[in-house]
Amino acid sequence: MAASAQPTLRAPRAEDRDAVRRIVSTGGFFSAEEVDIALEVFDEALLPNSCYAYLVAELHGQVVGLVSWGGPIEQTESCFDLYWIAVDDTCRGHGIGALLIAAAEKGAASAGATQLIAETSGRRLYAPTHAFYQRRGYLRAAELADFYARGDAKVFFVKRLKGKAQHLPPASVEGCVQPSAARD
Ligand SMILES: CC(C)(COP(=O)(O)OP(=O)(O)OC[C@H]1O[C@@H](n2cnc3c(N)ncnc32)[C@H](O)[C@@H]1OP(=O)(O)O)[C@@H](O)C(=O)NCCC(=O)NCCS
């Protein structure tokens with residue numbers, strides 16, 4: 001990817017599904033089960049009243065990244081989840097992830113989020129992902145050892161946002177599609 005190329009962010013469309021599958025399938029970051037969950041989230045994001053806010057990044061007519069968030073998390077006043085963020089492995093390191101996460105933060109804050117929480121794996125493979133979150137101002141807030149499997153912790157990265165808590169109903173409001181247990 002040319003360093004100067006600028007992707008555009010837009011709402012997802014049904015025809016983006018194969019690109020989403022391709023993006024989350026490369027690099028060995030996500031298991032087959034997680035790829036299925038990513039596609040389930042994508043499908044649900046297309047539905048009316050979905051709990052998933054979703055954006056894709058398009059570059060030269062190709063979808064090269066995605067981000068999904070939502071909230072408030074049940075029983076919290078204004079904590080939102082960052083469900084998925086991924087960039088095509090041929091396009092990483094060119095600022096697309098930064099654009100996507102900034103858009104998610106803006107969208108979440110405008111919906112009242114005061115914190116955005118990203119849960120990820122503690123495996124060595126994810127060290128660049130941890131560096132990415134930390135560069136974007138996320139604090140490594142907690143870790144549950146051996147959560148996904150022995151030696152595979154769940155790590156929580158949290159960023160404070162300037163949203164104004166709106167006392168929104170939790171994500172279980174009628175007609176709202178419930179998120180699965182996605183690892184973003
Ligand atoms: C994590 C991911 C979304 C980041 O997207 P990206 O387009 O590669 O990231 P960017 O190029 O926008 O980088 C943004 C910042 O993070 C930093 N960063 C990115 N990758 C980094 C790395 N490997 N090491 C250190 N810093 C890194 C960049 O230096 C940049 O900081 P800056 O803005 O201060 O210069 C992408 O690498 C990815 O899809 N990874 C695999 C899937 C994944 O881990 N998803 C996350 C949820 S589990």
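This dialogue goes through the main features of one predicted protein model.

Me: How many helices and strands does the protein have?

Reply: Both kinds of element are DSSP runs, numbered from the N terminus: helices are H or I runs of at least four residues, and strands are E runs of at least two. The protein has four helices and seven strands. Along the sequence these follow the pattern β-α-α-β-β-β-α-β-α-β-β.

Me: In what order do the strands stand in the sheet?

Reply: Two strands count as paired if DSSP finds at least two bridges between them. Here seven strands form an open sheet with mixed pairing, in the order β1-β2-β3-β4-β5-β7-β6. Strands β1 (8-10) and β6 (139-149) stand at the edges with a single partner strand each, so one side of each has no neighbour in the sheet. On average, neighbouring strands of this sheet are turned by 25 degrees against each other, direction ignored. For such angles, axes are lines fitted to C-alpha atoms, for helices over the stretch in contact, and angles run from 0 to 180 degrees between N-to-C directions.

Me: In which sense do β2 and β3 pair?

Reply: Strand β2 (residues 53-59) and strand β3 (residues 62-70) pair in the antiparallel sense over seven bridges. Within this pair, L55 stands opposite V67, and A53 has W69 as its bridge partner. The two strands form a hairpin with two residues between them, and H60 in the turn has a positive phi of about 50 degrees. Strands β1 and β2 are also antiparallel, over three bridges; T8 has E58 in β2 as its bridge partner.

Me: Which strands does helix α3 touch?

Reply: Two residues are in contact if their C-beta atoms, placed from the backbone, lie within 7 Å. Helix α3 (residues 96-110) packs on the sheet and touches β1, β2, β3, β4, β5 (115-121) and β7 (152-160), with its direction at about 30 degrees to that of β3.

Me: Which residues of the largest nonpolar core touch the most other members?

Reply: In soluble globular proteins, nonpolar side chains tend to be buried together. A nonpolar core is a set of buried Ala, Val, Leu, Ile, Met, Phe, Trp, Tyr and Cys residues joined through C-beta atoms within 7 Å. A residue is buried if 20 or more other C-beta atoms lie within 10 Å of its own, exposed if 12 or fewer, and partly exposed in between, with C-beta atoms placed from the backbone. In the largest core, which has 41 residues, V67 and L116 touch the most other members. The largest share of this core, seven residues, comes from β4. Leaving aside residues up to four places away in sequence, V67 touches L55, W84, I85, L100, I101, A103 and A104.

Me: Is F42 buried or exposed?

Reply: F42 is buried, because 23 other C-beta atoms lie within 10 Å. This residue F42 lies in helix α2 (residues 32-45). F42 touches P12, R17 and V20, not counting residues up to four places away in sequence. F42 and R17 are 25 residues apart in sequence and 7.4 Å apart in space, C-alpha to C-alpha.

Me: Where does the backbone have a cis peptide bond or a positive phi?

Reply: Most residues other than glycine have a negative phi, and most peptide bonds are trans. A cis peptide bond, with omega of about 0 degrees, joins G71 and P72; P72 has its place in the loop between β3 and β4. The phi of N49 is near 65 degrees, a positive value, and N49 is found in the loop between α2 and β2. N49 counts as exposed because it has 10 C-beta neighbours inside 10 Å.

Me: Which residues come nearest to the ligand?

Reply: A residue is near a molecule if its C-beta atom, placed from the backbone, lies within 6 Å of it. Of the 20 residues around the ligand, R92, G97, A98, P128 and A131 come nearest. The elements that give two or more residues to this shell are β4, α3 and α4 (127-135), and the largest share, five residues, comes from α4.

Notes. Residues are numbered from 1 along each chain as its sequence is written. This is a predicted model: local features need pLDDT of at least 70, side-chain atom pairs count only at pLDDT 80 or more; totals for chains, interfaces and linings use all residues.
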